[in-house]
Amino acid sequence: MTIIYLKKNKEESLLRYHPWVFSGAVAHVAGSPQEGEVVAVRNSAGEPMGVGHYQEGSIVCRMLDFFCDTLPQDFYYTRLLAAYRMREQLQLITPDNNTYRLVHGEGDFLPGLIVDVYDDTAVLQAHSAGMHRDRHEIAEALCRVVPNLKNVYYKSESTLPFRRAFNDIKDGYLVGSESTCLATENGLTFAIDWLRGQKTGFFVDQRENRALLQHYAQGRQVLNMFCYTGGFSVYALRGGAKRVVSVDSSAKAIQLTEQNVKRNFPDTDRHTAVCRDAFDFLNDIRPEEYDLIVLDPPAFAKHRDAVRNALQGYKRLNAKAFEKIAPGGLLFTFSCSQAVSKEMFRLAVFSAAAISGRKVRILHQLQQPQDHPINIYHPEGEYLKGLVLYVE
Ligand code: SAH
């Protein structure tokens, strides 16, 4: 096995179980590892620091295990089983809920791997060369861990940044062939289209926040901006909203929203879906038309250097909502940009509130749910943040 030797005193972060080895920490590499190969890491004294996936670039190794020289037998099976058992204990796998994230990368001690489960289908996404190389072994282990799993779909064409080392990065089925399913989230039904949908087909990470919105929806005029599959809208309807308007600039998203509303509330006349740009739509609505607004835009900052512009974007968007929301209104506002911290986001929303001159209070500070856990040694895993604000 290839061995990566670290420079003197460069093992500090590994001693604290941080799962990334940066190229600057490497003294030399004994061997010529291939992209994604499992390699051993040792400190300058030759002591084993652990084992991980090798990858060219600034993060040269993503650690899979610490203070050993080889991976244990049945490594993926053991890790996946631990992830499954945790979700089971947290009561996320019930007749009422078969939609959950089974693996959240570093948060489940499997850096570079995402697995979302929708009923009897798992959608697997690799974010590292190593997870791409190991995809078949992972799919096989998934079938042993998740009872009654019929399909494993691999969806990594857009998440693997490198192409040169592989000519076999292709989305497709590793197991089974069904292309859609009806998944249940908190007793509501959603059609999931992993082939054409964004990310793995659904945003599992808003489940708890949607449930909170349902709690406040009674009698309200709800505006769900950036609705995608209409998750927040369906919960608002179940919560007794007087009227719900869903907005997205993608025609496909609007179609999915309409189907999901119909599936759960076949006879409702309380819902309208509009295909339009969010900023244009907010500009045109009458003041005080809505008293519950959701802002859940896509990540405005995909990289650190985009943070300044992203913050301007959040400020502009939230300022519009503060300008229009009715007195006594609730604003659910989110950022899923990993590069934008909780503090930065709050500051952007604070600036937006100040522009409007309204009285605003924070009722809830929201985050990603328990099936998107943050490895305490890897704070970079925190990405979703939200605020629920009361606007007078
Ligand atoms: N709230 C959703 C997830 C939102 S994902 C949920 O709970 O599932 C972000 C959505 O924003 C995508 O569907 C995308 O089509 C939409 N979008 C991106 N830019 C937009 C814009 N300028 N105006 C309106 N919608 C936009």
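These legends describe close-up views of a predicted model. Local features need pLDDT of at least 70 and side-chain atom pairs count only at pLDDT 80 or more, while totals for chains, interfaces and linings use all residues. Residues are numbered from 1 along each chain as its sequence is written, and side-chain values use heavy atoms, with hydrogens and water left out.

**View 1. Domain layout.** The protein is split into domain 1 (3-66), domain 2 (75-185) and domain 3 (203-391). These bounds come from an automatic or database domain assignment. Taken over C-alpha atoms, the centres of domain 1 and domain 2 are 26 Å apart.

**View 2. Where domain 1 meets domain 2.** Contact (heavy atoms within 4.5 Å) involves 13 residues of domain 1 and 16 residues of domain 2. The buried area is about 1200 Å², and carbon and sulfur atoms give 53% of this. Buried area is the accessible area (1.4 Å probe) that two parts lose on being put together, summed over both. In domain 1, Glu 35, His 53 and Leu 64 lose the most area to domain 2. Together they make up 45% of what that side buries.

View 3. One salt bridge is counted between the two domains. The term needs a side-chain nitrogen of Lys or Arg within 4 Å of a carboxyl oxygen of Asp or Glu. Asp 65 forms a salt bridge with Arg 79, with the closest N and O atoms 3.7 Å apart. Six residue pairs are in polar contact between domain 1 and domain 2, both residues at pLDDT 80 or more. A polar contact is a pair of N or O atoms within 3.5 Å; within protein, one must be able to donate a hydrogen and the other to accept it, and residues adjacent in sequence count only if both atoms are side-chain atoms.

**View 4. The salt bridge of Asp 69 and Arg 42.** The whole structure holds 21 salt bridges. In the pair Asp 69 and Arg 42, the closest N and O atoms are 2.8 Å apart. Side chains of opposite charge can pair when their charged atoms come close.

**View 5. Ligand surroundings.** The ligand is surrounded by 16 residues (a heavy atom within 4 Å). The closest are Arg 210, Asp 248, Asp 277, Ala 278 and Asp 296. A polar side-chain atom of Asp 277 is 2.8 Å from a ligand nitrogen atom. A polar backbone atom of Ser 249 lies 3.1 Å from a nitrogen atom of the ligand. An N or O atom in the side chain of Gln 198 is 3.0 Å from a ligand oxygen atom.
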